[in-house]
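User: Could you walk me through how to read domains, helix packing and a chain-to-chain contact in a model like this one?

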Amino acid sequence: MDLTLTQEEEAFRDEVRSWLGENDPGPEPEGEEAKFLFRRDWQHKMHEAGWAGISWPKEYGGRGASLIEQAIFSEEMARQKAPPPANVLGLVMGGPVVIAHGSEDQKERFLEPILSAAEIWCQGFSEPESGSDLASLKTKAVRENGGWRVSGQKVWTTYAHEAKWCMLLARTDTDAPKHKGLTYFICDMEQDGVEVRPLRQITGEAEFNEIFFEGAHVDEENLVGGEGNGWMVAITTLMHERAGLGAASAISVRRDLDELIEMINERGLGDDAVIRDRIAELKMGVEALRLGSLRALTQQMKVGIPGPEGSIAKWEWAMLNQKLTELAADVLGPEALRPGTEWSYRLLRSRANSIEGGTTDVMKNIVAERVLGLPRLR
Amino acid sequence: MDFGFNDEQQAIKETAREMLAKRSPLTAVREAAESRSYPDALWAEIRELGWPGIAIDEEHGGQGLGMVELVILSEELGYACAPTPFLSNAIAGLVIDAGGSAEQRDRWLGGIASGEGRGSIAGTGEEPGLVPDAEGAAVIGLDPMTEPRLVEASDANIEPVELIDATREYARVSADGGEPLEGDVATGLQRGAVALAAELTGIAQRAMELAVDYAKERQQFGRPIGAYQAVSHRCAGMLYDTEEARSLTYYAAWCSGAEPESLPLASHMAKARASDAAWRVTNDALQVLGGIGFTWEHDLHFLLKRAKVGSELFGDARMHRERVASLAGLAA
């Protein structure tokens, strides 16, 4: 057991840290569109310095970073409050799918513009009637001349209005069992059969969109991994979650916690027994999340799969973020409850943390079934 | 970065798990608890394996390993709910090692390392202090939080007390005088709290396994109860609590040797979280087991009771959380 970084790891961290220090893009602008353009420029800069897609193999323009290097990179990004790259879905999901399952032509066509953010990707998985039960999705693709014709509706799509490509999971065989009848497509968003509508959230913002496909066309060459293999293709990247994501999210919650502690001290509330207890609880949770993620990462490096600690990280993170913003709102009182203020936004936005990217309820099912081996209720 | 056990540590863990499964199954724990006495053979075997001296330096007859190795053993002994004076002796060793003079270390650590002249220490602040395994000890630490001192057991008044945890022996100990401990007792106590956090983590792990095994077998309404989400989500919660306690405990053990400046916060987090986790998980296990878990006949109550008493010793969760709040930066 040794939690210190090796010399090489330390050198890597220093390199990341100094680059981020010198190239700090500063705070993000207000407004969705401005924020997007800012993140696109930021990714462009990252790409030029070789920091976009660091987990990708070198032959495809990545850095071939080890799991621990990826974790270090994510931690440093969080520490420096660096914005995420604009094409995060392309980098984390689209690119890795093409690398793992795509043809040589597809790699040639799609990978470079993902890294440079020249082409933004979005993810067309969830549907109004298929959330946790993703494999029940109904969007249909039927054969037509030179490819496929798509109709259906997707929801909760980030950057759909900015995206050139959509990772589209559609049903190509209605007779097959639900997991077997799906195919993975890369669908061009710039066509008449695709309509994007913003989806307003409880925060008042529209971070997400709905996509309506009405006879949209996908070329045959944009099918990835073979007809009927869509579930398997989609799941490979979901399983290889970003290494160190838990550790990085712990770093940013820890930063938020420090900010909250400062706020409490400034208001002279540090001697309140209830607040002290809630802070202690959050502190332990944040550190347990960080350390559990590092344990999972060690396990993943040693045996290829993350340990059970990893499967609770998402659940832990969501709960911590929610509790933290609740305490902040209690400390600030009504001033935190005016729309448009930072903490009112965080309070409301964090409500989605236990839903997005796998609900906490589904995470518990996963822990129960895959880690503890309990029977499934089917 | 490697947040896992090395080969030697892994081997210690496996040896401990195997030995305790053979020599101290829950049937043996029950026997010891019902007769309120420790099986001599188990302690003799533990001594032969050199466990009592695992974290004591070789100069004093120990194995010269560290807190990580001690935590591994302590977790396994908690998992087995083993009736032995191992933990109290180990904590006494940690406190004397950090808080004693060279002379005190020379005098007592050898006996603690071999188990020949056991040590123990008061685990609560009131007077007279509550001391685990005082009877049969050679040396006892009293008033560790206020005016720490060592007394020879032969000079002390030892009044055995029965607590709900019958898998361990307890006594109220009072004595006049003794030799003051003038070194870094606080660090010794922090390490001790980490060793106890490890035991509590092991208890939580065992209770979770008992509950999960039962949830797979027990049928109601025509299917195993573990298929119901009310039950399976409760079990998932047990893993959550146990893993958080484990991560914080291993981290604190590592800090003790490699990053001592982080030990105070790490040890308070570990003991607070492990205390809460052990109690919560044993309770959740009882709920999953239902009626059978409430019977004397089932073994769960030994774990539940040891969890409760352990959570009160060497600082309860409330005390440790209070320290966490301060060390996290809250102004008082």
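Predicted model: local features only at pLDDT ≥ 70, side-chain atom pairs only at ≥ 80, totals over all residues.

User: How many residues of domain 2 of chain A are in contact with domain 3 of chain A?

Analyst: Four, and they meet seven residues of domain 3 of chain A. On the domain 2 side, that's one nonpolar, three polar and no charged.

User: Now helix packing. At what angle do α7 and α8 of chain A pack?

Analyst: Helix α7 (residues 245–266) and helix α8 (residues 273–303) of chain A pack at about 160°, with axes 9 Å apart. Angles over 145 degrees count as roughly antiparallel, so α7(A) is roughly antiparallel to α8(A). Their crossing is left-handed. Contact residues include A:V253, A:L257 and A:I261 from α7(A), and A:I279, A:L282 and A:V286 from α8(A). The contact's residues split into 14 nonpolar, three polar and three charged.

User: And how many residues are in contact between chain A and chain B?

Analyst: Chain A puts in 41 residues and chain B 42. On the chain A side, α7, α8, α9 (308–311) and α12 (360–371) each supply at least two residues.

User: Which helix of chain A gives the most to that side?

Analyst: α8(A), with 15 residues. By type, the chain A side has 22 nonpolar, six polar and 13 charged residues.

Note on methods
Residues numbered from 1 in each chain as written. Chains lettered and ligands numbered in written order. Axes fitted to C-alpha atoms, helices over the stretch in contact; angles between N-to-C directions. Helix = DSSP H or I, 4+ residues; strand = E, 2+ residues; numbered from the N terminus. Parallel < 35°, antiparallel > 145°, perpendicular 65-115°, else oblique. Left-handed = near helix turned anticlockwise from the far one by under 90°. Contact = placed C-beta atoms within 7 Å. Nonpolar A, V, L, I, M, F, W, Y, C, P; charged D, E, K, R; others polar.
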